[in-house]
Amino acid sequence: MKILIADDEPLARDRLTRLVKQIPGCTVLQPCAENGQQALQLIERYKPDIVLLDIGMPGLDGLQVAAQL
């Protein structure tokens with residue numbers, strides 16, 4: 001499964017990436033999204049199977065991104 005991580009905190013993105021890479025059959029798409037707008041662009045481009053959205057991001061937050069999807 002292709003997984004996109006969207007989080008504005010670099011440490012959170014790195015930790016989630018490490019955790020997801022331990023799951024057999026899962027691939028973390030690169031680059032990760034740093035904000036909601038970038039998440040929408042990367043979702044359109046890469047069509048991930050799963051998107052891990054941070055709820056509190058500047059600009060569009062994770063809930064707003066989910067609502068647009």
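Where does Lys-47 lie? Lys-47 sits in the loop between H2 and E3. Helices (H or I, at least four residues) and strands (E, at least two) are DSSP runs, numbered from the N terminus.

This is a predicted model, in which local features need pLDDT of at least 70, side-chain atom pairs count only at pLDDT 80 or more, and totals for chains, interfaces and linings use all residues. Residues are numbered from 1 along each chain as its sequence is written, and side-chain values use heavy atoms, with hydrogens and water left out.

**The sheet**

Three strands form an open sheet in the order E2-E1-E3, with parallel pairing. E2 and E3 are the edge strands, and each pairs on one side only. Two strands pair if DSSP finds at least two bridges between them. E1 and E3 pair in the parallel sense over four bridges. Ile-3 stands opposite Ile-50 in E3.

H1 packs on the sheet and touches E1, E2 and E3. The direction of H1 makes about 165° with that of E1. H2 lies across E1 and E3 and runs at about 170° to E1. Axes are lines fitted to C-alpha atoms, for helices over the stretch in contact, and angles run from 0 to 180 degrees between N-to-C directions.

**Helix H2 and its ends**

H2 spans residues 36-46. Its buried residues are Gly-36, Ala-39, Leu-40, Leu-42 and Ile-43. Buried means under 20% relative accessible area, exposed over 50%, and partly exposed in between (1.4 Å probe, protein chains only). An α-helix has 3.6 residues a turn, so residues three or four places apart point the same way. The buried residues of H2 pack against strand E1 (2-6), strand E3 (50-53) and helix H3 (62-68). Contact here means heavy atoms within 4.5 Å.

Asn-35 caps the N-terminal end of H2. A side-chain oxygen of Asn-35 lies 3.2 Å from the backbone nitrogen of Gln-37. A polar contact is a pair of N or O atoms within 3.5 Å; within protein, one must be able to donate a hydrogen and the other to accept it, and residues adjacent in sequence count only if both atoms are side-chain atoms.

Lys-47 follows H2. Its phi is near 50°, a positive value in a residue other than glycine.

**Nonpolar cores**

A nonpolar core is a set of buried Ala, Val, Leu, Ile, Met, Phe, Trp, Tyr and Cys residues joined through side-chain atoms within 4.5 Å. The largest one has eleven residues: Leu-4, Ala-6, Leu-29, Ala-33, Ala-39, Leu-40, Leu-42, Ile-43, Met-57, Leu-60 and Val-65. E1 and H2 are the elements that give two or more residues to this core. H2 supplies the largest share, four residues.

Ala-6 touches Ala-33, Ala-39, Leu-52, Leu-53, Asp-54 and Met-57, not counting residues up to four places away in sequence. A second, separate core has six residues, including Ile-3, Ile-5, Val-28 and Cys-32.

Thr-17 lies in helix H1. At 11% relative accessibility, Thr-17 counts as buried. Thr-17 touches Ile-5, Val-28, Gln-30 and Cys-32, again leaving out residues up to four places away in sequence. The Thr-17 side chain also reaches the backbone oxygen of Arg-13 at 2.8 Å.

**Salt bridges**

The structure holds two salt bridges. A salt bridge is a side-chain nitrogen of Lys or Arg within 4 Å of a carboxyl oxygen of Asp or Glu.

| Salt bridge | N to O distance |
|---|---|
| Arg-13 and Glu-34 | 4.0 Å |
| Glu-44 and Lys-47 | 3.3 Å |

Arg-13 lies in helix H1 and Glu-34 in the loop between E2 and H2, so the pair ties together parts that are 21 residues apart in sequence. Arg-13 is buried, with a relative accessible area of 12%. Glu-34 is partly exposed at 43% relative accessibility. In the other pair, Glu-44 counts as exposed at 56%, and Lys-47 as partly exposed at 48%.

**Two loop sites**

The peptide bond from Gln-30 to Pro-31 is cis, with omega near 5°. Pro-31 belongs to the loop between E2 and H2.

Gly-25 is in the loop between helix H1 (10-21) and strand E2 (27-28). Gly-25 is exposed, with a relative accessible area of 60%. The C-alpha atoms of Gly-25 and Asp-49 are separated by 12 Å, and the two residues are 24 residues apart along the chain.
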